[in-house]
Amino acid sequence: INDIPRYLENKRIFSKNQIIEEKIYLILKKYNTSLSDKNRIELAKMLSNESRKYGYDPIFILAIINVESSFYHLSQSNKGALGLMQIMPVVGEDVAIRLNIPWKGSKTLYNPINNIRIGIYFLKYLEKRFNNDEISFLTAYCHGPEKLKNIIENGEAVPHNYAKKVLMEYEILKNKYNNSI
């Protein structure tokens with residue numbers, strides 16, 4: 001497959017959703033995801049749908065994925081977070097149950113579709129919990145909601161490095177890939 005977007009080939013008419021999925025696919029293709037082309041296409045469709053379902057720009061989700069795992073779906077942090085969106089297994093299990101995703105242990109989080117569904121749901125949960133404050137919910141995504149709650153309650157300085165890194169990556173990706181998709 002070449003880098004000419006499929007929606008330009010043969011001058012066919014495509015829906016806005018198909019164009020968005022194609023752009024996501026092309027972004028995924030530029031990174032060493034260790035996924036097959038078929039899996040990238042499926043992932044692009046799902047990421048587009050889940051982002052829209054929860055009110056996120058797909059590029060924002062891609063920025064989080066890039067910061068968390070550099071798009072490598074088998075990524076594991078030194079603290080035990082797994083997959084594209086670096087989900088902790090205890091969080092993954094809880095959210096999987098809520099979303100009716102069969103939980104087969106931690107390996108469930110290495111499935112990119114499950115990982116992103118769980119990650120976006122958890123992100124939306126944090127957004128609501130922290131009153132739509134972008135810096136706070138991104139910080140909670142990185143450090144955990146209870147840790148952030150304790151930091152705030154103790155009057156300590158909230159670490160903003162992760163949130164700033166995600167937002168900077170979001171701006172870079174938006175500028176590189178035509179603002180938002």
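**View 1. Arginine 129, with a relative accessible area of 28%, is partly exposed and forms a salt bridge with glutamate 146.** The model shown here is a predicted one, in which local features need pLDDT of at least 70 and side-chain atom pairs count only at pLDDT 80 or more, while totals for chains, interfaces and linings use all residues. Residues are numbered from 1 along each chain as its sequence is written, and side-chain values use heavy atoms, with hydrogens and water left out. In the salt bridge (a side-chain nitrogen of Lys or Arg within 4 Å of a carboxyl oxygen of Asp or Glu), the closest N and O atoms of glutamate 146 and arginine 129 are 2.7 Å apart. This pair links distant parts of the chain, since glutamate 146 belongs to helix H7 (residues 145-153) and arginine 129 to helix H5, 17 residues away. Glutamate 146 is partly exposed as well, with a relative accessible area of 43%.

View 2. Aspartate 94 counts as partly exposed at 38% relative accessibility, whereas arginine 98, at 53%, counts as exposed.

**View 3. Lysine 124 forms a salt bridge with glutamate 127 and also lies over the face of tyrosine 56.** The closest N and O atoms of lysine 124 and glutamate 127 are 3.1 Å apart, and both residues lie in helix H5, three residues apart, which is about one turn of the helix. Lysine 124 is buried, with a relative accessible area of 17%, and glutamate 127 is buried too, with 13%. Lysine 124 is placed 4.8 Å from the ring centre of tyrosine 56 (a charge sits over a ring if NZ of Lys or CZ of Arg is within 6 Å of the ring centre and within 35 degrees of the ring normal).

**View 4. Tyrosine 54 and tyrosine 121 belong to the aromatic pairs of the model, six in count.** Rings of Phe, Tyr and Trp (its six-membered ring) pair if their centres lie within 6.5 Å, and planes under 30 degrees apart count as stacked, over 60 as edge-to-face and the rest as tilted. Tyrosine 54 and tyrosine 121 are edge-to-face, at 6.1 Å centre to centre and with 90° between the planes. Because tyrosine 54 lies in helix H2 (residues 37-54) and tyrosine 121 in helix H5 (residues 112-129), their pair ties together parts that are 67 residues apart in sequence. Tyrosine 54 counts as buried at 14% relative accessibility, while tyrosine 121 is partly exposed at 24%.

**View 5. Tyrosine 56 and phenylalanine 60 form a stacked aromatic pair.** Their ring centres are 5.8 Å apart, with 25° between the planes, and both residues are buried. Together with Tyr170, Tyr56 and Phe60 make up one aromatic cluster. Over the face of tyrosine 170 lies lysine 174, at 4.5 Å from the ring centre.

How values were computed: Helices (H or I, at least four residues) and strands (E, at least two) are DSSP runs, numbered from the N terminus. Buried means under 20% relative accessible area, exposed over 50%, partly exposed in between (1.4 Å probe, protein chains only).
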